[in-house]
Amino acid sequence: MPALAKKSDIIIRQANALTSAAYNLTRNEKRLVYIALDDIINKRIQCNEFGQYPVKINHIDYASIFEDDSENIGQDILKLTASLNKKEVIFYRPDEDIGKNALDAISWTTKRSYRASLGATTVFFNAELVNIITKVDTNFTRFLMGEAGRLNSPYAMRLYESLQQWPDQQSVTLEVDWMIERYELPESYRRMSDFRRRFLKPAVKEINEHTSIMIDYEEVADKIRSNRIAAITFNYSNRTEKATHS
């Protein structure tokens, strides 16, 4: 990891391909991915001869950046890197297989090395994945690691990132089925009552309380089945900009 910076000052950039991909990580797994994105995109880490990007996580620095006061931070990081190593991210490729759900599923990492005596864990990110998610010349999402990292719910983190994909638009409509698929929400959330109670309301509340974005939303009825909610229109503004213009 680089010299320690204030977490609120670290700007994360990720390709929109990752913002709209399908995956389900825990909050701490996403925090680790944020650190990796920052290190790799800022060229602090190069691909090794085995097609891996070795991201070194200093346990004390991780705890400081995310204000984690766990007494067993090393063991916590060991466990989260183990779970991340078993997960994959899915990129849908509809243009490559008409009429079918074409997709590429890629593992996040290929290896992890834990060194308790050094107070560090090295996570080896898959080079094929890195090549996709770090294309940030155009079509990328930008946000503050301090804001995203202080959110407790990984679902709130995903919604926050989705809204940051269009920071100047101030209104975005996302299909309910799309959010369930891409955020990998539980199947029970297809019941609108569960979707509202367990995802929508808590995520919006958390983003409003812990980030610079202020959100409200409107439910959009299906054009054919008016009793079914097909999408959510999120209206949002930057709290800082609003204060500046008031």
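Reader: At about what angle to β9 does helix α9 run as it lies across β9 and β10?

Author: This is a predicted model in which local features need pLDDT of at least 70, side-chain atom pairs count only at pLDDT 80 or more, and totals for chains, interfaces and linings use all residues. Residues are numbered from 1 along each chain as its sequence is written, and side-chain values use heavy atoms, with hydrogens and water left out. Helices (H or I, at least four residues) and strands (E, at least two) are DSSP runs numbered from the N terminus, while axes are lines fitted to C-alpha atoms, for helices over the stretch in contact, with angles from 0 to 180 degrees between N-to-C directions. Helix α9, residues 192–210, lies across β9 and β10, and its angle to β9 is about 160°.

Reader: Which strands stand at the edges of the open sheet, and why is one side of each left without a neighbour?

Author: The three strands follow the order β8-β10-β9 with antiparallel pairing, where pairing requires that DSSP finds at least two bridges between two strands. Because each edge strand has a single partner strand, one side of each lacks a neighbour in the sheet, and these strands are β8 (171–175) and β9 (213–221).

Reader: Over how many bridges do β8 and β10 pair?

Author: Within this pairing, Val-172 stands opposite Phe-234 in β10. The strands β8 and β10 (residues 229–238) run in the antiparallel sense, and their bridges number five.

Reader: How is α2 oriented relative to α4?

Author: The axes of helix α2 (residues 27–41) and helix α4 (residues 73–84) come within 10 Å and cross at roughly 85°. Since 65 to 115 degrees counts as roughly perpendicular, under 35 as roughly parallel, over 145 as roughly antiparallel and the rest as oblique, α2 is, relative to α4, roughly perpendicular.

Note on methods: Contact means heavy atoms within 4.5 Å.
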